[in-house]
Amino acid sequence: MSASAAVAVHSLWTTAAEPAAADRIGAPAIEYAQLAPTLIVVGAAVVGVLLEAFVPRRARYHAQVFLTVVALAAAFAAVVALAAGGHATTEAGIVAMGAIAVDGPALFLQGTILLTSLVAVFTFAERRLDPAHHGHRVDSFAAEAAAVPGSEQEKAAVKAGFTTTEVFPLVLFAVGGMLVFPAANDLLTLFIALEVFSLPLYLLCAVARRKRLMSQEAAVKYFLLGAFSSAFLLFGVALMYGYAGSVSYARIADVVDGSVSDITPALAQTMGNDVLLLIGFAMVLMGLLFKVGAVPFHMWTPDVYQGAPTPVTGFMAAATKVAAFGAMLRLLYVVLPGLRWDWRPVMWGVAIVTMLAGAIVAITQTDIKRLLAYSSIAHAGFILAGVIAATPDGVSSVLFYLGAYSFVTVGAFAVVTLVRDAGGEATHLSKWAGLGRRSPLVAAVFAVFLLAFAGIPLTSGFTGKFAVFKAAAEGGAGALVVIGVISSAIAAFFYIRVIVLMFFSEPKPEGPTVAVPSPLTMTTIAVGVAVTLALGVAPQYFLDLAGQAGVFVR
């Protein structure tokens, strides 16, 4: 072939390979500054994995704790900077090619998740509660997670002083997913965020140092039921995509309202098929109700709360609820306001059953962690009352309740880690008899948290319940409020029962001791008490903050 012919052929296939300008895939435009909180946390999680690979074993604990605390604090500072820059109000918008919303509710919930996680991480790092093994301080996590419980390999790992410092990068990955979950602006981002924060939680539940078989059983239950709920959510996403021809929240909302302008023949056929929409929406909602622990999707909650390491239980109980309710609010208020008459009756039923079942079954519990699990189910019902209000006050009341509840929960589980006997944590209620005489300060602090759960005035629990019930009543759900008040009265019985047990029962001679924690756990408990009392005594600033943050961008 001559040189000229070769050039001609070359020019032919190079020009043929070049796509037309309209067919080129454009480079994504990513607003890194607005995504800073999530990027900081996920980046630190990746660095944490590298620390596990390259830092000597004896230095990993301090390096991981330092990295985790700095990352969560920096991410919170980034959230505050975004809010101060107006991204919660006038500058709110959709970023990352339409995948993430940066608005008031997203920033408020992200700030709550980051602060709660920061406080919870201190309980992960606690190493003074158990006596030292072979001269090494130990924490709540298995010496070697891969070792079979009771095996020679595990005994050798304990003797060598190994620690499972991988829990810190796992926490950061979970927090990264939780930050995206309430801010997701399309259904695929929602599903990916769900998996990113669920998978680390399944692992964290399985690595308790004591009662390892119960811990692993809890993790398997959580994983299997979580996989079912994820499958339901994914089926729902597929059906809603089939209905609207898009996974974008704004596009689905337009199709539901009938305000979409560019109707194709295919879309015209599916738009008329409400079965796709209703079944799809029901399946997505099932996935979210599983995550918040609402009845009848609550069966995993008591077993997982009881079996998981207590620091993990506290973190999971607080942060997961905040993220899941945030995602639910966005779905109901942004995507499906046109279906309000369809979803409100269903949510009424779920809220009523959740409040009553959580409160009534909690009365029969004899384990403090299971009692707090059923308490969290009842609280999911109270928060659903605010969701059902379907008004701006409903959104702001739910945001406030989530912020208040998360700190009470982390503080309460931090106190549970302190009461110990020879087998580790003494979680059976009978062991707590007379605790107020043996350790008045710890019992008094726990009593403050229980009173907040019960919704007694001058605690954050009272302000939160008052806000959601007021919003529900003004939104036309007065009957729901009556049932909520009855459920609160039932719930108050078992909270007061624990307080009476602690202060008015004789301590048993062979009863548990209260371990003296390091400043880490003390900080967690002190922050929990301070926030509980501050939001109860002077809540107005925070109620106003939640009110300003209660407007979704679309």
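What is the volume of the largest pocket? The largest pocket has a volume of about 610 Å³. The model is predicted; local features need pLDDT of at least 70 and side-chain atom pairs pLDDT 80 or more, while totals for chains, interfaces and linings use all residues. Residues are numbered from 1 along each chain as its sequence is written, and side-chain values use heavy atoms, without hydrogens and water.

**View 1. The centre of the largest pocket.** F76, F108, T112, F542 and L545 are the closest to the centre among the 23 lining residues. A pocket is an open set of points on a 1 Å grid where a 1.4 Å probe fits, with protein on both sides within 12 Å along at least five of seven lines; lining residues have an atom within 4 Å of a point. Its volume is the space filled by probe spheres set on the points.

**View 2. The lining of the largest pocket.** At least two lining residues come from each of α3, α4 (104-124), α16 (392-416), α21 (519-537) and α22 (540-548). Helices are DSSP runs (H or I, at least four residues), numbered from the N terminus. The largest share, 6 residues, belongs to α4. The lining divides into 17 nonpolar, 6 polar and no charged residues (Ala, Val, Leu, Ile, Met, Phe, Trp, Tyr, Cys and Pro count as nonpolar, Asp, Glu, Lys and Arg as charged, the others, Gly among them, as polar).

**View 3. The packing of α3 and α6.** Helix α3 (residues 57-84) packs against helix α6 (residues 167-180) at an angle of about 20°, with the axes 9 Å apart. Axes are lines fitted to C-alpha atoms over the stretch in contact, and angles run from 0 to 180 degrees between N-to-C directions. The two helices are therefore roughly parallel (angles under 35 degrees).

Conventions
Angles under 35 degrees count as roughly parallel, over 145 as roughly antiparallel, 65 to 115 as roughly perpendicular and the rest as oblique.
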